[in-house]
Amino acid sequence: MTDFNSDLLRLLDQRGYIHQITDGEGLDDLAARQVIPGYIGFDPTAPSLHVGHLVSIMMLRQLQKAGHKPIVLMGGGTGKIGDPSFKDEARKLLTEETIQENVASIRRVFEQFLTFGDGPSDAIMLDNAEWLDKLKYIPFLREVGQHFSVNRMLSFDSVKMRLDREQSLSFLEFNYMILQAYDFLELSRRAACRLQMGGSDQWGNIVNGVELARRMDGSHVFGLTTPLLTNADGTKMGKTVGGAVWLNEDQLSSYDYWQFWRNTDDRDVTARLRLFTDLPLDEIGRLAALQGSEINEAKKVLANEATALCRGAEAAAQAAETARRTFEEGAADAHLPTVKLGPDMTVMQAVTGLGFAASNKEVKRKVAEGAIRINDVAVSDPMISVEVGDKISFGTKKHGLVVA
């Protein structure tokens, strides 16, 4: 950790958010003297953000807690292209209608984490479609495009990866980093924004924006990135058998969200408590010192705190009680994830319908291992029929109900 003078950078540093800063000393000095508007962009490529976005959301929360102003930038404009950074192939292009539906759906989650309003440190939400949709091509090329070197753009890791693998990078996608840099310029003009934050994969894009603001307006703005977040086993955080861990309730139940945090690897608990909860660092230190089976208490605290932030305290308490009843009493609680009974539904269909397994092959393997149970009785045949009210158990940690 580094010695910072500002509450902002001390807070971000102590909790493990800082990877790189374009000018750490300058940002630290500015943050100690004035309120800094800082932004992170989110492209509406789905109706909900997922756990992979949560570090960025929590950074905006920490920014506000330190007395500064969060700007949530929705990518209504850039979402029409899709960020190519470290992607193996081009994103599917979305319609205007789908993008707007996604934006409306995503907005809801930010109200859980941030306080919006008109005050100096109140959060605001903007949409880059407001300025990107109005750009005229030739004037944009002349005024903005001249400040970008193709040679340098080709040197960024996010671009090199696609080219090294001989995978197509369209001209449409290649424009994304220019538009993101232009976003920073526009926000510095419209909202006095001085800071862009993001994941480490955004470093090149952020640096472009810092340099564009300096070249076109003579503005001194800053960039800050977080470390790449992986699990202790090296896998990407948030990827599960059942798919993405969505933040919106209508995409993933609060019980499943709670369980995701409860199932954190022992080695990741301390870092997750720092990044994804508001718990004081001394309390996190106490939880980090727990050994053996006591570490499960730390995981429950993590699950409760993370779920309360995203879904509310009532949803967190309900999820914790459902887990307690399920694991300690063997009860089939009404708040477990559910699958609707279909005609002649089998165990195999129920398990895949609940999202517990990615394929029928996996279900067969788990049945052979004795890992799938109906009402706590091991299943010997994946083609056995299920009925309304059956509790389906997949291993020791995943449980669901068959409903009408």
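**View 1. Ile372 has Phe394 of strand E12 as its bridge partner.** The model is predicted: local features need pLDDT of at least 70, side-chain atom pairs count only at pLDDT 80 or more, and totals for chains, interfaces and linings use all residues. Residues are numbered from 1 along each chain as its sequence is written, and side-chain values use heavy atoms, with hydrogens and water left out. Strands (E, at least two residues) and helices (H or I, at least four) are DSSP runs, numbered from the N terminus. Strand E10 (residues 372–374) and E12 run antiparallel, joined by 3 bridges. Two strands pair if DSSP finds at least two bridges between them.

**View 2. Strand E13 (residues 398–403) joins E9 and E12 in an open sheet of 5 strands.** The order is E9-E13-E12-E10-E11, with mixed pairing. E9 and strand E11 (377–378) each have a single partner strand, so one side of each lacks a neighbour in the sheet. Strand E9 (residues 338–340) runs parallel to E13, with 3 bridges. Here Thr338 stands opposite Leu401. Strand E12 (residues 391–394) runs antiparallel to E13, with 4 bridges. Here Phe394 stands opposite Lys398.

View 3. Buried residues of H11 include Ile206, Val207, Val210 and Leu212. Buried means under 20% relative accessible area, exposed over 50%, partly exposed in between (1.4 Å probe, protein chains only). The cover over these buried residues includes helix H7 (150–155), helix H10 (176–191), strand E5 (195–199) and strand E6 (222–226). Just after H11, Gly218 takes a positive phi of about 70°.

**View 4. Ser105 is buried in helix H4 (residues 96–113).** Its relative accessibility is 9%, so Ser105 counts as buried. Leaving aside residues up to four places away in sequence, Ser105 touches Pro47 and Asn248. Contact means heavy atoms within 4.5 Å.

**View 5. Tyr137, Ile138, Leu141 and Phe171 form a nonpolar surface patch.** Together they have about 450 Å² of accessible area (Shrake-Rupley method, 1.4 Å probe; for residues, only the protein chains shown count as cover). Patch residues have over 30% relative accessible area and no salt bridge, and nonpolar side chains (Val, Leu, Ile, Met, Phe, Trp, Tyr) are joined within 5 Å, like charges within 9 Å. A salt bridge is a side-chain nitrogen of Lys or Arg within 4 Å of a carboxyl oxygen of Asp or Glu. Helix H6 (residues 137–143) gives the most, with 3 residues. Phe171 belongs to helix H9 (residues 171–174). Phe171 counts as exposed because its relative accessibility is 57%.
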